[in-house]
Amino acid sequence: MNQSEIKRLRTESILKELIPEALATLEDQILQSLCVTEVECKKGRYDAFVYLDKMAFDEREQAYILSHLRRVCKHLQNHCMAAEGWYRCPNFHFQFDDRLEYQNHIDKLFDKISKDLNKNG
């Protein structure tokens, strides 16, 4: 692991803590309650993909949330820069995290295979 990898991982870790803090400062109750599951910075740390938990929201609410997050993105970046003393913050790209649903689907498939193997002996 080289120095740039370490810096990227450190930035991801810091942003995973700072973004929920910044969301809590907003006046919108829905945005305040968002759960950040993962932050992934691209090489060079110019862009950060912020993954949000989508379990409590339907598709209409998800569209509302993403549109409002695009509007308050600069406020979130300013909060992160002020908290860490950075002169530059990555551009945030918000997405809802599908990995938990995918993992649950895979687990169900493995359970089904296991049951089929036990039936067949």
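Let me begin with a definition: buried means under 20% relative accessible area, exposed means over 50%, and partly exposed is in between, with a 1.4 Å probe and protein chains only. As an example, D98 has a relative accessible area of 43% and is partly exposed.

Two remarks on where the values come from. This is a predicted model, in which local features need pLDDT of at least 70 and side-chain atom pairs count only at pLDDT 80 or more, while totals for chains, interfaces and linings use all residues. Residues are numbered from 1 along each chain as its sequence is written, and side-chain values use heavy atoms, with hydrogens and water left out.

I start with the sheet. Helices (H or I, at least four residues) and strands (E, at least two) are DSSP runs, numbered from the N terminus. Two strands pair if DSSP finds at least two bridges between them. On that basis there is an open sheet of three strands, ordered β1-β2-β3, and the pairing is mixed. Which strands stand at the edges? They are β1 and β3, each with a single partner strand, so one side of each has no neighbour in the sheet. Neighbouring strands are turned by 20° against each other on average, with direction ignored. For angles, axes are lines fitted to C-alpha atoms, for helices over the stretch in contact, and the angles run from 0 to 180 degrees between N-to-C directions.

Between β1 and β2 the pairing is antiparallel, over five bridges. Within it, C41 stands opposite A48 of β2, and V39 has V50 of β2 as its bridge partner. The two strands form a hairpin with five residues between them. In the turn, G44 has a positive phi of about 95°. As background, most residues other than glycine have a negative phi. R45, in the loop between β1 and β2, has a positive phi of about 60° although it is not a glycine. R45 counts as partly exposed, at 25% relative accessibility.

Next, the core. A nonpolar core is a set of buried Ala, Val, Leu, Ile, Met, Phe, Trp, Tyr and Cys residues joined through side-chain atoms within 4.5 Å. The largest one here has 26 residues, and L15, I19, L69, L76 and F92 touch the most other members. At least two residues of this core come from each of α1 (3-24), β1 (36-41), β2 (47-52), α3 (59-71), α4 (73-84) and β3 (91-96). Which element gives the largest share? That is α1, with six residues.

Contact means heavy atoms within 4.5 Å. Leaving aside neighbours within four places in sequence, F92 is in contact with L15, I19, A48, V50, C73, L76, Q77 and C80.

Now the charged side chains. A salt bridge is a side-chain nitrogen of Lys or Arg within 4 Å of a carboxyl oxygen of Asp or Glu. By this rule there are five salt bridges. In one of them, the side chains of E5 and R8 meet at 3.2 Å, N to O. Both residues lie in helix α1, three residues apart, about one turn of the helix. E5 is partly exposed, with a relative accessible area of 31%.

E5, R8 and E12 are linked in a network of salt bridges. Is E12 buried or exposed? At 11% relative accessibility, E12 counts as buried. E12 lies in helix α1, and not counting residues up to four places away in sequence, E12 touches V39, E40 and C41.

A further salt bridge joins the side chains of K16 and E38 at 3.9 Å, N to O. K16 lies in helix α1 and E38 in strand β1, so this pair ties together parts that are 22 residues apart in sequence. K16 is partly exposed at 36% relative accessible area, and E38 is partly exposed at 28%.

The last pair I will show is K54 and D98, whose side chains meet in a salt bridge at 2.7 Å, N to O. K54 is in the loop between β2 and α3, and D98 is in the loop between β3 and α5 (99-120), so the pair ties together parts that are 44 residues apart in sequence.
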